[in-house]
Amino acid sequence: MNERISPDALIEAALLTQVEPLSEKAMRELCVPPLSQDKLIDVLSNLKTRWQNRALQLVHTHEGWRFQIAQAAFERLGSLQEQRAPRYSRAVMETLAIIAYQQPVTRGDIEGIRGVAVSQNVMQTLQDRGWIEVIGHRDSVGKPSLWATTVRFLSDLNIGSLEDLPPLTELGELILPDIMDIPPIGDEDDKQTESVEEVRLLLN
């Protein structure tokens with residue numbers, strides 16, 4: 001005997017089990033027949049109300065809708081994620097910070113600011129995470145690639161827009177107080193690390 005699942009329950013299950021945010025189109029097409037946009041709005045409104053004042057909250061990001069941990073709970077649960085969280089070298093996080101605050105920038109710009117060469121591994125790590133992308137090329141010798149942060153970067157760190165980035169002085173040891181005065185810090189194998197959860201906490 002097939003049990004009929006309500007659109008609210010189906011969409012709630014999808015949002016809770018999918019790693020990536022869901023688009024409104026994808027949620028509408030989960031149902032048979034597909035939901036109208038007005039009905040989907042009602043479903044999402046009901047879900048937001050149902051999950052209000054809980055540790056998980058339904059939010060709309062640049063990439064779509066998803067459940068995310070409320071800030072108060074995130075701070076308490078962070079220690080549980082330490083063993084599973086990806087960890088990144090200081091070189092990776094400083095490179096990301098430079099791109100975020102100075103974009104668009106070339107690899108040469110980043111090297112000029114950090115005072116050391118940027119290895120391909122650093123750039124590849126940020127690309128694999130989906131946080132940076134090439135948005136064009138500078139009109140100069142060699143046509144170097146121009147790097148910028150992505151929508152995924154904003155979504156993962158729960159930032160509405162680049163204008164919401166906090167002053168650099170509030171980022172603690174992630175980056176130095178004045179990004180334009182970063183001195184050489186050694187090679188790319190610096191042992192200091194930051195996790196994405198720690199970065200997200202710093203940026204909220």
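Arg 4, Ile 5, Pro 7, Leu 10, Leu 30, Cys 31, Val 32, Pro 33 and Leu 35 line the second largest pocket of this predicted model. Local features in the model need pLDDT of at least 70 and side-chain atom pairs count only at pLDDT 80 or more, while totals for chains, interfaces and linings use all residues. Residues are numbered from 1 along each chain as its sequence is written, and side-chain values use heavy atoms, with hydrogens and water left out.

**The second largest pocket**

- A pocket is an open set of points on a 1 Å grid over the protein atoms alone, where a 1.4 Å probe fits, with protein on both sides within 12 Å along at least five of seven lines; lining residues have an atom within 4 Å of a point.
- The second largest pocket holds about 190 Å³ of space, a volume being the space filled by probe spheres set on grid points that are joined across faces, edges and corners.
- Its lining divides into eight nonpolar residues, no polar ones and one charged residue.
- In this division Ala, Val, Leu, Ile, Met, Phe, Trp, Tyr, Cys and Pro count as nonpolar, Asp, Glu, Lys and Arg as charged, and the others, Gly among them, as polar.

**The chain as a whole**

- The chain has nine helices and six strands; these are DSSP runs numbered from the N terminus, with helices (H or I) of at least four residues and strands (E) of at least two.
- Of the 204 residues in the chain, 40% are buried, where buried means under 20% relative accessible area, exposed over 50%, and partly exposed in between (1.4 Å probe, protein chains only).
- Among contacts (heavy atoms within 4.5 Å) with a separation of 6 or more, 62% are between residues 24 or more positions apart.

**Nonpolar cores**

- A nonpolar core is a set of buried Ala, Val, Leu, Ile, Met, Phe, Trp, Tyr and Cys residues joined through side-chain atoms within 4.5 Å.
- The largest such core has 23 residues, of which Leu 96, Ile 99, Ile 110, Met 123, Trp 131, Ile 132 and Phe 153 touch the most other members.
- At least two residues of this core come from each of helix H5 (90-102), helix H6 (107-114), helix H7 (120-128) and helix H8 (151-156).
- H5 gives the largest share, seven residues.
- A second, separate core has 15 residues, including Ile 11, Leu 22, Leu 44 and Leu 58.

**Thr 95**

- Thr 95 is located in helix H5 and counts as buried because its relative accessibility is 0%.
- Beyond its neighbours within four places in sequence, Thr 95 contacts Ile 110, Arg 114, Val 118, Val 122, Met 123 and Leu 126.

**Backbone exceptions**

- Most residues other than glycine have a negative phi, and most peptide bonds are trans.
- The peptide bond from Val 32 to Pro 33 is cis, with omega near 0°, and Pro 33 is in the loop between helix H2 (24-30) and helix H3 (37-50).
- Gln 103 and Pro 104 are also joined by a cis peptide bond, with omega about -5°; Pro 104 is in the loop between H5 and H6.
- Asn 53, not a glycine, has a positive phi of about 65° and lies in the loop between H3 and strand E1 (56-61).
- Asn 53 is exposed, at 76% relative accessible area.
- Lys 143 has a positive phi near 50°, in the loop between strand E4 (132-137) and strand E5 (145-149).
- Lys 143 is partly exposed, at 46% relative accessible area.
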